[in-house]
Amino acid sequence: MEMVDVEVEKVSSTGTDEIVVRNEREEKPVPLISNGMNYSELPQHYIRPPIQRPRLDEVVFSLESIPVVDVQGLQCDSSRPEVIRQIGRACADYGFFRIVNHGIPAAVSNRMLEVAEEFFRMPVEDRMEYYSDDPFRKTRLSTSFNIHKEQVLNWRDYLRHHCYPLEDHVHTWPSKPAHYREVGSLYCREVRVLALRLLEALSESLGLEADFLDKALGKHEQHMAINYYPKCPNPELTFGLPAHSDPNVLTLLLQDEVPGLQVFNNGHWIAVNPIPNSFVINIGDQLQVLSNGRYRSVLHRAVVSSSRARISIPTFYCPSPDAVIDPATPLTDAEHPAAFRSFTYEEYYQEFWNRQLQGNTCLQSFSGHDEEQRPWKRDHCPREANDDQVEPSSEEEDSDA
Ligand SMILES: O=C(O)CCC(=O)C(=O)O
């Protein structure tokens, strides 16, 4: 993509549609930051107040931080119990783990990353036909998280679309680059097979029937995002994505070689540096509910780099909207009463997108009755991580919007 020097103006005080990029060829407002522009300074509406900044010097960098599980052993009767034990432990202690020997050919993942980059390198005019800031549109290119709810924007553009059943959605995906649909279809099929294998292992790790989670998700859905974080002039002042937990069941994240993902654990932000040919797996809010709080849907965030653009491709494996989610009966008893009420995934998903990412989970809106049993009250879903790191409450935001 040809880089151009352009003038950026702030034309509204709402923080929503204020970026106007003007150059000789383009006079229309361009909401994207992947617009070919070399930013020498961070525009004002991406700058977090000091108390909410990422404090990059406090992040823990350690290779051993997040467990790495070799999932090849799931195929073999003698090693399967040990691999399942490792997965269960990672889910309970971290809510995150990395997997190697997962069966998805490196060529398939690498081609997906390449075609994703090609998409974001196409001229803005070729991409804008997919642009929408309606979070409920199934295929859309957008920016930040939900610009209607945010006062400070995030240094991220993203393409999102549904992937399962593939034949229902593939025709809505971008038709350019030429191989996007073909490469994406192959990738999505492979990831779904992996997700189903992991769901089986997760069910067993909770002491449930192997098909428990499969059945709990109704007809299943699979969504995918391509996050593009351009080079950022001041990474210490902003986020690619601020602290959040994922609303779905399970996320399978493919990332390029540029670091950026950080996970909250035990009072610290831990950098999850990329390992070639691996996926980062994390537990989403639905699995925290289904496991009655045994597994943790933890806060994570993406920070940005001053030297390189970064691409990450999360697959969000989800229940179908009509699936009724509640704690698995075998995991509830007098000592462990249901920590969450029943709800449909549709209800949860609406709640997630109708708020901003505010360093919190929307699990508390779906709690059971016993205050002391609420999992976010315990140390593993740390409210204290948020209080001084993240955005003001939605009430404060709304009062300004
Ligand atoms: O870019 C990353 O590593 C994290 C992405 C993420 O958390 C998300 O898309 O929800």
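1. Two strands are taken to pair if DSSP finds at least two bridges between them. On that basis, this predicted model contains an open sheet of eight strands with mixed pairing, in the order β3-β4-β12-β9-β14-β7-β6-β5. Its edge strands, β3 (68-70) and β5 (140-143), each pair on one side only. From one strand to the next, the twist averages 25°.

2. Within the sheet, β6 (residues 157-164) and β7 are antiparallel partners joined over seven bridges. One detail of this pairing is that Y158 has N227 of β7 as its bridge partner.

3. Helix α1 packs on the sheet, where it touches β3, β4 (96-100) and β12 (279-283). The direction of α1 makes about 160° with that of β3.

4. Helix α1 (residues 80-93) also packs with helix α5 (residues 180-205), at an angle of about 80° and with the axes 9 Å apart. The two helices are therefore roughly perpendicular to each other. On α1 the contact involves I84, I87 and G88, and on α5 it involves A201, L202, E204 and S205. By class, these residues comprise four nonpolar, two polar and one charged.

5. Which residues surround the ligand? They are A225, N227, L241, D246, L253, Q255, G260, L261, H300, A302, S312 and P314. This shell divides into six nonpolar, five polar and one charged. At least two of its residues come from each of β7 (221-229), β9 (250-255), β13 (300-302) and β14 (310-318).

Methods:
Residues are numbered from 1 along each chain as its sequence is written. This is a predicted model: local features need pLDDT of at least 70, side-chain atom pairs count only at pLDDT 80 or more; totals for chains, interfaces and linings use all residues. Axes are lines fitted to C-alpha atoms, for helices over the stretch in contact, and angles run from 0 to 180 degrees between N-to-C directions. Helices (H or I, at least four residues) and strands (E, at least two) are DSSP runs, numbered from the N terminus. Angles under 35 degrees count as roughly parallel, over 145 as roughly antiparallel, 65 to 115 as roughly perpendicular and the rest as oblique. Two residues are in contact if their C-beta atoms, placed from the backbone, lie within 7 Å. Ala, Val, Leu, Ile, Met, Phe, Trp, Tyr, Cys and Pro count as nonpolar, Asp, Glu, Lys and Arg as charged, and the others, Gly among them, as polar. A residue is near a molecule or strand if its C-beta atom, placed from the backbone, lies within 6 Å of it.
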